[in-house]
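Please consult the sequence and the coordinates alongside the text.

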Amino acid sequence: MSRVVVTGRIPEAALENLRAEHEVDAWTGTESIGREELLARVAGADAIVSLLTERIDGELLDAAGPQLKVVSNVAVGYDNIDVPACTARGITATNTPGVLTEATADIAFGLILMATRRLGEGERLIRAGQAWKWGMFFLLGSSLQGKTLGVVGMGGIGQATARRAKAFGMDIVYQSRSEIDPAVAAELGARRVELDELLAVSDVVSLHCPYGPATHHLIGAEELSAMKSTAYLVNTARGPIIDEAALATALRTGVIAGAGLDVFEKEPQVYPELLDLENVVLVPHLGSATVETRTAMAVLAADNTLAVLRGEQPPTPIA
């Protein structure tokens, strides 16, 4: 039996699958595992099932030892994994795309509705016990019908978000490294444009691109200034795609109308000025947070692990 180290708490269904074939050493603490503890635990592991809260780098791979065969990330994003370091050591790295597409798109569109209709402001007002009365101009938001959604990164989650927007009567433009399937583009009425045009024409900009050096602070002061003053920015991808300091300034000074964030630049910390602003919705990385989705993610990570340990091709290797 091989030894599988699981770096954080995952659903029992995935653990049962792993235990059926291998010895499993799973972290059960309610807090994320500490770095020193993690380095000690992975020693001698044949497989690591990792969460996005753990940094999988050369130091950790070396601490595991040369017998390590696979790192299975329980996330679609893998900016926490040094993939080249894995490749250099002959270690297979995998992720969990596909299974969280619909759940994350739900959160993205939920943030769009919350930001454009000022739902967070309304709930805070009531919970604070403030006096209020219906009026013609009370907490007026912005409608979505006939407006334009700009999708940055038109992969599965971007397309699923666009489908929701289409159902609300929105027009779709997108920026992506390549054209999407023509049938999907026709279904959505989606038009591919460059980022500068997308920012200029969109009433809502939703970020779904992967994070890496090329997308670090993709949205900064210059890009925010290129948006409409009535536009909204939503991020369910990765926090550092946005320069949060620039975003806070843009929101405070009216450069854009509002924003909705599910992810943060220095997560779990939030840029302090954002906390004081009414025109931004802040939720704690809930994109995949349904029982069904998190279970499916963990089971897929387990399937990836088991396949590699059997000498088979994993279902979803990181290319």
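The questions and answers below treat a predicted model.

Q: Which strands stand at the edges of the open sheet of five strands?
A: The strands of this open sheet follow the order β2-β1-β3-β4-β5, and their pairing is parallel. An edge strand has a single partner, so one side of it is left without a neighbour in the sheet. The strands in that position are β2 (23–26) and β5 (92–94).

Q: Over how many bridges do β4 and β5 pair?
A: Strand β4 covers residues 70–73 and pairs with β5 in the parallel sense. Within this pairing, Val70 stands opposite Thr92 of β5. The number of bridges between β4 and β5 is three.

Q: What angle does the direction of helix α1 make with that of β2?
A: Helix α1 (residues 12–19) packs on the sheet, where it touches β1 (3–6), β2 and β3 (47–50). Between its direction and that of β2 the angle is about 145°.

Q: Which strand does helix α13 run at about 170° to?
A: Helix α13 comprises residues 291–309 and lies across β1, β3, β4 and β5. The strand to which α13 runs at about 170° is β4.

Q: Why does the distance between the end C-alpha atoms of helix α5 agree with its number of residues?
A: Helix α5 (residues 101–116) has 16 residues, and at 1.5 Å a residue it should span 22 Å. Its buried residues include Phe109, Leu111 and Ile112, and the helix is followed by Arg118, whose phi is positive.

Q: Which element gives the most residues to the largest nonpolar core?
A: The largest nonpolar core has 30 residues, and Leu224, Leu233 and Leu247 touch the most other members. Two or more residues come from each of α9 (195–201), β9 (204–207), α11 (244–253) and β11 (258–261). With five residues, the element that gives the most is α11.

Q: Are Cys86 and Cys209 buried or exposed?
A: A residue counts as buried under 20% relative accessible area. Cys86 has 0% relative accessibility, and Cys209 has a relative accessible area of 8%. Cys86 and Cys209 are therefore buried.

Definitions and conventions
Residues are numbered from 1 along each chain as its sequence is written. This is a predicted model: local features need pLDDT of at least 70, side-chain atom pairs count only at pLDDT 80 or more; totals for chains, interfaces and linings use all residues. Side-chain values use heavy atoms; hydrogens and water are left out. Helices (H or I, at least four residues) and strands (E, at least two) are DSSP runs, numbered from the N terminus. The expected span of a helix is 1.5 Å times one less than its number of residues. Buried means under 20% relative accessible area, exposed over 50%, partly exposed in between (1.4 Å probe, protein chains only). A nonpolar core is a set of buried Ala, Val, Leu, Ile, Met, Phe, Trp, Tyr and Cys residues joined through side-chain atoms within 4.5 Å. Two strands pair if DSSP finds at least two bridges between them. Contact means heavy atoms within 4.5 Å. Axes are lines fitted to C-alpha atoms, for helices over the stretch in contact, and angles run from 0 to 180 degrees between N-to-C directions.
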